[in-house]
Amino acid sequence: MFSALILRSAPQERVSKDGPARSGDIWSILRDAAARLLRMRAAGLGVAALAVLAPAVVQAAEPWGIPHEKPVVLKGRVVEALCHLKGVCAPDCGAGKRQLGILEADGRFRLVGKGQVDFAGAAPDLAGFCGREVEADGLLIENPAITLFFAQGVREAGSSAPFTPTDRFKTQWEARNGAAPEWWRADPESNAILAENGPLGIKGLLPQPKP
């Protein structure tokens, strides 16, 4: 939810491949990824259409046109990011309320920044695999600012079953709030925070007017 709010209110700033990393770059990368996905869906460019446009590329993950993206299937153990990096742990990996990642066999930690739902993460989809080995199909974004993994599907390691789409956030959100064309605009928690603190997160601070 915090990620979704930041994505909605973040200033329109691009990440330069040559510029230094900044603390806000992660939100720019996440916001741009969701925006690109929305534009592709609006244009009707789904998996089938992309397959026709690029028949030589055989990948399960759907390209989203994000700079530095690479379709991969990650194999590793689902861990809670804060627990793995700082030793601050919660039962059951936070039960879907904490940021999760995948720890590969070689020790590399991959932060899972997004799922299939626009402006939402994949924690609800990965939480049930806490501490277990999985295969996650998606896009590895190796931006110089930060490396993120956007999971499009997940399954138990070694399974031959199809990947389960990482869209559980939407199912859970609609069970609480009802259906909405754009959940992030209708979300009562986000709207309450915006009403209290403003679109930039600081009371009284407003965005610069567009020329």
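## Overall make-up

The protein chain exposes about 11700 Å², with carbon and sulfur atoms supplying 57% of that area. Accessible areas come from the Shrake-Rupley method with a 1.4 Å probe, and for residues only the protein chains shown count as cover. The model is predicted, so local features need pLDDT of at least 70 and side-chain atom pairs count only at pLDDT 80 or more, while totals for chains, interfaces and linings use all residues. Residues are numbered from 1 along each chain as its sequence is written, and side-chain values use heavy atoms, with hydrogens and water left out.

The chain holds eight helices and six strands (DSSP runs numbered from the N terminus: helices are H or I of at least four residues, strands are E of at least two). Along the sequence the pattern is α-α-α-β-α-β-β-α-β-β-β-α-α-α. Of the 211 residues, 38% are buried (under 20% relative accessible area; exposed is over 50%, and partly exposed lies in between, with a 1.4 Å probe and protein chains only). Among contacts (heavy atoms within 4.5 Å) between residues at least 6 apart in sequence, 58% join residues at least 24 apart.

## Strand E5 and its partners

Strand E5 is largely enclosed by the rest of the structure, because eight of its 10 residues are buried. Strands pair if DSSP finds at least two bridges between them. E4 and E5 run antiparallel and are joined by nine bridges; a hairpin of four residues connects E4 to E5. Strand E3 (residues 109-114) pairs with E5 in the parallel sense over two bridges. E5 also runs antiparallel to strand E6 (residues 164-165), again with two bridges.

Within these pairings, Phe 149 of E5 has Val 112 opposite and Leu 140 opposite. Val 154 stands opposite Thr 164 in E6.

## Nonpolar cores

A nonpolar core is a set of buried Ala, Val, Leu, Ile, Met, Phe, Trp, Tyr and Cys residues joined through side-chain atoms within 4.5 Å. The largest has 18 residues, of which Val 78, Leu 100, Ile 102, Val 112, Leu 126, Val 134 and Phe 149 touch the most other members. At least two residues of this core come from each of strand E1 (69-80), strand E2 (100-104), helix H5 (123-126), strand E4 (133-142) and strand E5 (147-156). Apart from it lies another core of nine residues, including Trp 64, Ile 141, Leu 148 and Phe 150.

Leaving aside residues up to four places away in sequence, Val 112 touches Gln 99, Leu 100, Gly 101, Ile 102, Ala 122, Leu 126, Phe 149 and Ala 151.

## Salt bridges

A salt bridge is a side-chain nitrogen of Lys or Arg within 4 Å of a carboxyl oxygen of Asp or Glu; the count by this rule is nine. One of them joins the side chains of Arg 98 and Glu 80 (2.1 Å, N to O). Arg 98 lies in the loop between helix H4 (81-86) and E2, and Glu 80 in strand E1, so this pair ties together parts that are 18 residues apart in sequence. Arg 98 is partly exposed at 26% relative accessibility, whereas Glu 80 is buried at 4%.

Glu 104, Asp 106, Arg 108 and Arg 110 are linked in a network of salt bridges. Glu 104 is buried at 13% relative accessible area, and Arg 108 is partly exposed at 43%.
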